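This report covers a ligand site and the pockets of one protein. Look over the sequence and the model first.

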Amino acid sequence: MLQNEAMAEFLKAEIAQKGPMDIATFMDHILAHPEMGYYRRQDPFGERGDFMTSPEISQLFGEMIGVWAADIWRQMGKPSPFAFVEVGPGRGTLMADMMRACKGVDGFHDAARIFMIETSPVLRRKQEKTLKGHKAQWFERFEDVPQDMPIILIGNEFLDALPVHQLVKMGDGWRERMIVLAQGVPKTIGGMQGALQALAPNLLGGGPEGNLDFRYDTKEAAAEFLALVPDGLPQVPDGNIFEVSPQRDEFVRLASRRIRENGGAALFIDYGSAESVIGSGLHAIFRHAHVDVLKNPGHADISSNVDFGAVRRVGEAEGMKISGGITQGEFLKALGIEMRAEMLSKKASAKQKEDLQSGLYKLVEMDQMGDFIVMGLSYGPDIIPAGF
Ligand code: SAH
């Protein structure tokens, strides 16, 4: 049996046994199931994988973030040692590029204790290779990072991998969106839908050969989720969705407390919105294309848009100074990415020049990855994060 079929069977059995499944549990199984989880079993990045991330696009990205980290370190008075933490480090490219960029920063390499937070054994092995020559330590949980030193924490496309619950507007309030078994739904659809199915199956999701085993339902929302809905959201018609993520909030809270106790800063970069917005941000991505979340769950990456409004609220409640959210394009330009690209181009071959230019374009343009959101969290008046 293919992995994805195994996952679909597993989810069906879970729902049959335990009843309707919330979106967070659904995401968690798909991403983090010990054997079948998406990140647990493969390396999803790159041209031949399912998606491309900024550090994999160009070394320019890691260099800029490295310079950002070195600047924070300098402002903190060059503490040694300090915890240089990356959460969700993918192939390890970002950490390697950051360290290379900071080679010339006097004392930085000696002071940095590299801590990688990764749950996937496959990716951890990749990271170990990428970071050969550096002394790094791996943990599955951020909580396990040694507590007694200042911290600089980086997370690129990490927060979006943490599960969300979806609330659905109904009447005066919100209900929680659940996934149930779609008993009785025919596998073949006729009429107009059938025609659409034949022409453009991706528009509909399940197809004649597809898998319509799941559908959405709702249930009463728990008070703890309702408490996460901020004031001031626009009035919207029934059926609209607002996402909350207690897991993400909890991570930001832990990171903030750590920063408050020991000093330091965190930088989060992700797709999403700078403020809380209405709408479902749940995506399933397979081979660089969006696919139906409920169709063959488990073979595609699944992630959600990051609500940086929620990150801000949690950080502020913990006494953090918040910088941004601004776009990745604005942030990287403020840090001097264009100058760096120009400098590298001077000594580059024609092919390298082209790569630098296309990498820069993808990282900063708004219709590329330039519209990602960047947010900094820091503590104390003495640290002013660069780039904002
Ligand atoms: N930062 C990398 C990879 C982003 S993909 C890049 O930009 O290329 C998300 C990463 O987070 C993967 O490495 C995945 O294995 C890891 N991850 C997902 N959920 C996690 C969790 N709960 N704890 C730690 N790492 C997690």
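Which of the 18 residues around the ligand come nearest? In this predicted model, they are T53, G88, G90, E118 and N156.

**Ligand contacts**

A nitrogen atom of the ligand lies 2.7 Å from a backbone N or O atom of G88. The side chain of E118 places an N or O atom 2.5 Å from an oxygen atom of the ligand. At N156, a polar backbone atom is 2.7 Å from a ligand nitrogen. Alone, the ligand would expose 570 Å², and the protein buries 91% of that. The shell around the ligand has nine nonpolar, six polar and three charged residues.

**Pockets**

The ligand takes up the space of the largest pocket. Nearest the centre of this pocket are T119, E140, F158, A161 and L162. Helices 2, 3, 4, 6 and 12 each give its lining at least two residues. Helix 12 supplies the largest share, four residues.

In the second largest pocket, F51, M52, I285, M369 and F372 lie nearest the centre. Strand 12 (283–286) and strand 14 (301–303) each supply at least two lining residues there.

| Pocket | Volume | Lining | Lining by class |
|---|---|---|---|
| Largest pocket | about 850 Å³ | 36 residues | 17 nonpolar, eight polar, 11 charged residues |
| Second largest pocket | about 510 Å³ | 18 residues | seven nonpolar, five polar, six charged residues |

Notes
Residues are numbered from 1 along each chain as its sequence is written. This is a predicted model: local features need pLDDT of at least 70, side-chain atom pairs count only at pLDDT 80 or more; totals for chains, interfaces and linings use all residues. Side-chain values use heavy atoms; hydrogens and water are left out. A residue is near a molecule or strand if one of its heavy atoms lies within 4 Å of it. A polar contact is a pair of N or O atoms within 3.5 Å; within protein, one must be able to donate a hydrogen and the other to accept it, and residues adjacent in sequence count only if both atoms are side-chain atoms. Accessible areas come from the Shrake-Rupley method with a 1.4 Å probe; for residues, only the protein chains shown count as cover. On a 1 Å grid over the protein atoms alone, a cavity is a set of points where a 1.4 Å probe fits but cannot get out, and a pocket is an open set with protein on both sides within 12 Å along at least five of seven lines; lining residues have an atom within 4 Å of a point. A molecule sits in a cavity or pocket if more than half of its atoms lie within 2 Å of its grid points. Ala, Val, Leu, Ile, Met, Phe, Trp, Tyr, Cys and Pro count as nonpolar, Asp, Glu, Lys and Arg as charged, and the others, Gly among them, as polar. Grid points are joined across faces, edges and corners, and a volume is the space filled by probe spheres set on the points.
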